Amino acid sequence: MSTLEAVSLDQVVDTARYPLSELDGAEGQAVIARARHELLADGCTVLPDFIRPSLRDVLRQECSAIAPRAHFDVETVNVYNIPVDSDLPEDHPGRRTFQRGNAFVARDRIPSGSLISRLYSHPEFQRFVASCFSLPQLHELADPLSGLVLNVVEPGMEHPWHFDTNEFTVSMLTQEAQAGGVFEYCPNIRSAHDESFDDVRAVLDGHGGRLTHRLPLQPGDLQLFKGRYSLHRVSPVRGEVARHSAIFAYSERPGVIGSAARTRQLFGRVLPEHLAAEGRAVRGDRLLD
C-alpha cells in the first residue's frame, strides 16, 4: 500500500488555505476569485504550498521513482508542433526550430495510489480546478496515456518555447532543478483570432524581454495556466538534478483522446483507443496549432 493510500485528501492538501470541500464558503470563494482574476489578467495563477510540507518528500520520492519510465527522445520541433518542413514564409516564426529534450511518463505507468494520481481523479480537486477556470465542469481525458503525465527534464535538456493544444493546463512541480529549469511565459501573446507572429518572432529571436515573465515555483505549488494563448517554455536545466512536474490534463467535454501522431511523438507508442479515435478531433479555433 502506498503511504498516501492511508491518508485523506485533507491530510494531503492544505485545506485550511484551500478548502476544497467548502468552495461555497467565504474562504473558498476568496481563493477562487483570486485565481480567476490572475488567470484573466496574466493567463496564470500559482497556489503556493498546495501540498502540505510534510508530504513534499513523499511527492518527490514517488515521482522520482517513476521518472525512469519516461519515454526519452530528443526531437527537432517548432513552437506550433507542426512539421518543421512545413511550407511557410521565410520570416515565419514556425520556421525557427529547437531541440525538445523533455520526456513524459504516461498515465498507465503512474501508480494509481500515488499522490498525483489521487489528486487527478478526486472529484473535489476537479471541482476546485473547474471553478478557478470559471467552468461548470471538467472531465478527465479518456486518453489512457496523456490524461496524467510526469514531465521529466534532465540536466542539459529543456522544454523549448511552445503553445499548448488545450486552452488550460494544470501542473505541479514535484522536484526542482539544481539550476535553470525556470518556467517562462508570455501571457496572452496571441488570441483565438490573431496569431501575433511579430511578437512571437521577437521572443524566439531573444528580443521579447518586455513580453516574458519568469515564474518562481516550489515543489508542491499548484499552477493553473492558459497555455493555448501564452507562449511558454522551461529553460535549460543545469547541474545534476532533473526537473520533474506532474501535468493534470482535463477537458471541458468527455471522451477526449489525443491524436495517434502526437501520442507516438510524446510516448513512443499508441494504443487501440488512439487508432479508433482518429478523425474525430474537433478544433475550437483556427490557430496554426
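Analyst: A definition comes before the pairing: two strands pair if DSSP finds at least two bridges between them. Note that this is a predicted model.

User: How many bridges join S4 to strand S6, and which residue in S6 stands opposite Phe104?
Analyst: S4 and strand S6, residues 148-153, run antiparallel. Three bridges join them. Within S6, the residue opposite Phe104 is Asn151.

User: In what order do the six strands form the open sheet?
Analyst: The pairing is antiparallel. The edge strands, each pairing on one side only, are S1 (44-47) and S4 (103-105). Neighbouring strands are turned by 25° against each other on average, direction ignored. The order is S1-S12-S8-S15-S6-S4.

User: Which strands does helix H2 lie across, and at what angle to S1 does H2 run?
Analyst: Helix H2 covers residues 26-42. H2 lies across S1 and strand S12 (222-225). Its angle to S1 is about 145°.

User: How many nonpolar, polar and charged residues does the contact of H2 with H5 have?
Analyst: From H2 come Val31, Ile32, Ala35, Arg36 and Leu39. They meet Phe128, Ser131 and Cys132 in H5. By class, the contact has six nonpolar, one polar and one charged residues.

Note on methods:
Residues numbered from 1 in each chain as written. Predicted model: local features only at pLDDT ≥ 70, side-chain atom pairs only at ≥ 80, totals over all residues. Heavy atoms only, no water. Helix = DSSP H or I, 4+ residues; strand = E, 2+ residues; numbered from the N terminus. Axes fitted to C-alpha atoms, helices over the stretch in contact; angles between N-to-C directions. Contact = heavy atoms within 4.5 Å. Nonpolar A, V, L, I, M, F, W, Y, C, P; charged D, E, K, R; others polar.
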